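Please have a look at the sequence and the structure first.

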Amino acid sequence: AIVFVDAFAYGANNGTDWFHAYNSLKTAVENSPPGSEIWVAEGVYFATALNDPDAEETIALKPGMKLYGGFKGWSLVRQPREGMSRLFQRNPSRHRTIIEGRFPEAATDGADLRSRLLVQGAEGGVVDGFVFRNAGKGCEGGDECGGTAFMGGALRVVDIGVATQVVSNCVFLNNSGCRGVAIHVGSGVLKADNNYYTNSLTCTS
């Protein structure tokens, strides 16, 4: 079954359709079983609850989970023309679906607080059509990696053996970290296609 996420939906917040879509991408991932296909509408989503920006949480995918961004959301006509995949209806460049690392100042009393890591990949996972922005807390002391916690500013792929994680049609913007500022691969195979990387800070070890 497809799980729907839309930051602006105002239904039952259970992911059953666009009207009742989850408002939080993190909640949708946590509540969905392995192998779920999750459609995410344009908007800004966070890896950590805004009321607890120091929690150091992340969006941890489950095996076989597929995340697709770039949908318009609740107003989308859900039934495609005959023979057309509904994924054809999305447009990531027009409907920007952002996973944001920097918390709003209103939630941090004006402090510049950021998530260390936004998404943890999984065996057989797919991440397609997202903007990963402002992830990573920079380099401690300005020039040190600071250990494994700094690996992969936006997305980290570890502990998946020889399986593949697919990352396609994504933009990585203003992220920081070491050993993979945007993406760190500790094990497994990364299949990256049509991604764009810009303005990232690389820490040195």
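This is a predicted model: local features need pLDDT of at least 70, side-chain atom pairs count only at pLDDT 80 or more; totals for chains, interfaces and linings use all residues.

Is W18 buried or exposed? W18 is buried, its relative accessible area being 0%, where buried means under 20% relative accessible area, exposed over 50% and partly exposed in between, with a 1.4 Å probe and protein chains only. Residues are numbered from 1 along each chain as its sequence is written, and side-chain values use heavy atoms, with hydrogens and water left out.

Let me turn to the aromatic pairs. Six of them are found in a search of the whole structure, a pair being rings of Phe, Tyr or Trp (its six-membered ring) with centres within 6.5 Å, called stacked if the planes are under 30 degrees apart, edge-to-face if over 60 and tilted for the rest. One of them joins F4 and W18, whose ring centres are 4.9 Å apart and whose planes stand at 65°, so this pair is edge-to-face. Because F4 belongs to strand β1 (residues 2-5) and W18 to the loop between β1 and α1 (25-31), the pair ties together parts that are 14 residues apart in sequence; helices (H or I, at least four residues) and strands (E, at least two) are DSSP runs, numbered from the N terminus. F4 is buried, as is W18.

W18 also pairs with F71, with ring centres 5.6 Å apart and planes at 50°, so here the pair is tilted. This second pair links distant parts of the chain, since F71 sits in strand β5 (residues 66-71), 53 residues from W18. F71 too counts as buried, at 0% relative accessibility, and F4, W18, W39 and F71 form one aromatic cluster.

Six strands form an open sheet in the order β1-β2-β5-β8-β11-β15, with parallel pairing, where two strands pair if DSSP finds at least two bridges between them. At the edges stand β1 and β15 (189-193), each with a single partner strand, so one side of each has no neighbour in the sheet. Strand β11 (residues 164-168) runs parallel to β15 and is joined to β15 by five bridges, with Q165 opposite L190 in β15.

For the chain overall, there are two helices and 17 strands, and buried residues make up 47% of the 205 residues.
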